[in-house]
Amino acid sequence: MINLLNTGVYLLNGKDIIADDGDAAAKLAQQGVTASKEQAKEGTISYGILAAHNKGKSGASSADMRNLTLRFDSLTSHDITYVGIIQTARASGMDKFPMPYVLTNCHNSLCAVGGTINQDDHVFAHSAAQKYGGIYVPPHLAVIHSYNREMMAGCGKMILGSDSHTRYGALGTMAVGEGGGELAKQLVGRTYDMPCAPVVGIYLEGEVQNGVGPQDVALTIIGATFNNGFVKNKVMEFVGPGISKLSIDFRNGIDVMTTETACWSSIWKTDDLVRDYLKERGRAGDYKELKPVDVAYYDGFIKIDLSKIEPCIALPFHPSNVYTISELNKNAKDILAKTEEENKKTGLNLNLGLKYHDGGVWAEQAIIAGCSGGIFENIMAAADIMKGASIGSGNFTMSVYPESQPTFLELVRNGAVETFMKAGVLVREAFCGPCFGAGDTPANNELSIRHVTRNFMNREGSKPNDGQIASVALMDARSIAASAINGGKITAATEINVKYGKYKFFFDKSVYDKRVYDGTGKPQTEKELKFGPNIKDWPKMPALPENLLLKVVSYITDPVTTTDELIPSGETSSYRSNPLKLAEFTLSRKDPGYVKRAKEVLENPISSAVLEKIKGIGICSGVAENSIGIGSAIFAKKPGDGSAREQAASCQRVLGASANLALEYATKRYRSNLINWGILPFLITDENAFKLDSYIFFPGIKAAVKEKKEEIIGYVLGDTVTEIKATLGELTDAERQILIDGCLINYYAS
């Protein structure tokens, strides 16, 4: 079904696979291949796109493909990220958007939450689109990635978004989800800098069986790659004959989920179906054929036989916790008990065992929504399953959120909306809420099955500290519909006999023409930005001191810490435009005492007892007291999985954080957020060298950053003073200066 090749691979003519092992040279010679490995690496689709966008410091195309300096074709943000990005860019000298910038409104679109403040953000964005020359997509019209797929993606393009699921690879676009600081850099004419990412080939063959959907394929890939880091911070390049057997909707549904593998970006081979998709949307000129050259080299390779993939389910609380539905139903007691036990390690007491009764596993709620689930073909297939059925009048509920108004219109025309309504299903607006923790919150102890992107804790309304815990399992829309007609009993769509229709999508662009404001290239600089009372500027951030004293104010031992745990989604989203108020929620569900402890460090001077310990370190005896800065720090084994939201870092910074201490960082984007907010991304190897409330002193930290020291020595100030070794990993010269200046805003100001 899925086979991971741990060697590099040569792909010849898009079909012949030769592993880079001891026999590779002979096999290549038999095929008449004379290209070197380095030449073959230039044969991937990824290499060509990255080379075209690699601009160098001078703005001209750069020949250095080892260290990329990228300029993107367009940017995109939604309404819990764009205010902070625009505020950062304004403070950094931006006077217009230098490229198309799409501002969508699909997260904070429930405007009763928090009074007027959500709609105030929308008004701000509309005024910013006018003033700086951007694209404003009103609330409920489209979710962020659907609009970009429909209107912005094109073959060979690159798009940078402030949402982690910025993925348009199936349409030939390399898209990257990052923290807001990286978008602010693009807005002030700077580049996105990183070492060139390795490329992993994803070779699809065979054809999916009826009842298997894109979420099943995606979960299979995630389950095979996330925990072992096989594609972490790499590009997933989809090739192989199986692609031609998949519709564009199906490809998009797989592609958007590649984020959950921890890859950096994705790209697919393109064909006539991509051409037709773009032509239907009035953008035929955005098509070109993309495919690897005759000899292409991949740093890793995954072979997937689509015909052997079964309907899947990802149990709480991660998309990688994957089982086939048949496996779950055969071994339900053991699998549910195992999931409960795994979550006890993080302090959660689930009651999943209660979901097994009457011969099956039962859910109380079903959701099909957003950029992954709310796609036209997913919803039509679910409607086919539910024709003439009913979800009943019991406790089980179901909602469907189409991805955009053009999709909603086609669902009406094809009868799907009528089918759902007659079955007791609610059909709602384009809204990302069920994916990030706003709307359709289950009751305590309930299980929700959802075709959305994530099932992290906090994305279903749980508040464990208050004893409120619900669970989300990810499934494909087809199996969700099959379960719904069985009253919530989890059922694979392959178990039921359904004739699926073939439906043509007719894209009506007038839906957007009448409502979307497009000021690209037409800034009206005389326009004033419209600020609501909740929209606040960033507070001043201090520069990196000569010597740094850290106090560890949170110590997290979970295997992975998500950005949802660092700054919860859901109820915090209304305050994303107010840095001080938002910071009050930092780690609120994971470590409720963090904010108080961080503020104590921020508000109090260094004690004389701590200063004495510092003076007692031989090499520190002459350190001047006024050269020592104090900041807080958190320790987590592997922080930053999940969302790209920069607030996971900026909220720590607002509360006086100076560093993170970690064994590794889950994603590049979280580490980038730390750097852009002036938080040192320390890597350590000994997590037992300190504990909660420990002080750690780093003498000469500013010089160490500036001088690119590979190893930085610190001192843990316990009953005895012990040495600790840390590194900062790879940093560009600009990133080092950002850390020295204290944050990205300070960097541009200086």
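This is a predicted model: local features need pLDDT of at least 70, side-chain atom pairs count only at pLDDT 80 or more; totals for chains, interfaces and linings use all residues.
Let's start with the empty space. Rolling a probe the size of a water molecule over the atoms shows where such space is left. Here, that turns up eight cavities of 30 Å³ or more.

The largest cavity holds about 200 Å³ of space. It has 22 lining residues, and the ones closest to its centre are His-78, His-107, Asp-163, His-165 and Arg-459. If you want to find it by helix, look at α6 (144–151), α13 (370–373) and α17 (433–436), which each give two or more residues to the lining. By class, the lining of this largest cavity has seven nonpolar, 10 polar and five charged residues.

Next, the second largest cavity, with about 80 Å³ of space. Its lining includes Arg-149, Glu-150, Asp-249, Tyr-277 and Phe-505. Helices α6 and α9 (248–255) supply at least two lining residues each.

How do α14 and α15 sit against each other? The axes of α14 (residues 376–386) and α15 (residues 405–413) come within 10 Å and cross at roughly 30°. Angles under 35 degrees count as roughly parallel, so that's what we call α14 and α15. The crossing is right-handed. On the α14 side, Phe-376, Ile-379 and Met-380 make the contact, and on the α15 side it's Thr-407, Glu-410 and Leu-411. That contact comes out as four nonpolar, one polar and one charged.

That's it from me, thanks!

Conventions
Residues are numbered from 1 along each chain as its sequence is written. Side-chain values use heavy atoms; hydrogens and water are left out. On a 1 Å grid over the protein atoms alone, a cavity is a set of points where a 1.4 Å probe fits but cannot get out, and a pocket is an open set with protein on both sides within 12 Å along at least five of seven lines; lining residues have an atom within 4 Å of a point. Grid points are joined across faces, edges and corners, and a volume is the space filled by probe spheres set on the points. Helices (H or I, at least four residues) and strands (E, at least two) are DSSP runs, numbered from the N terminus. Ala, Val, Leu, Ile, Met, Phe, Trp, Tyr, Cys and Pro count as nonpolar, Asp, Glu, Lys and Arg as charged, and the others, Gly among them, as polar. Axes are lines fitted to C-alpha atoms, for helices over the stretch in contact, and angles run from 0 to 180 degrees between N-to-C directions. Angles under 35 degrees count as roughly parallel, over 145 as roughly antiparallel, 65 to 115 as roughly perpendicular and the rest as oblique. A crossing is left-handed if the near helix is turned anticlockwise from the far one by less than a right angle, and right-handed if clockwise. Contact means heavy atoms within 4.5 Å.
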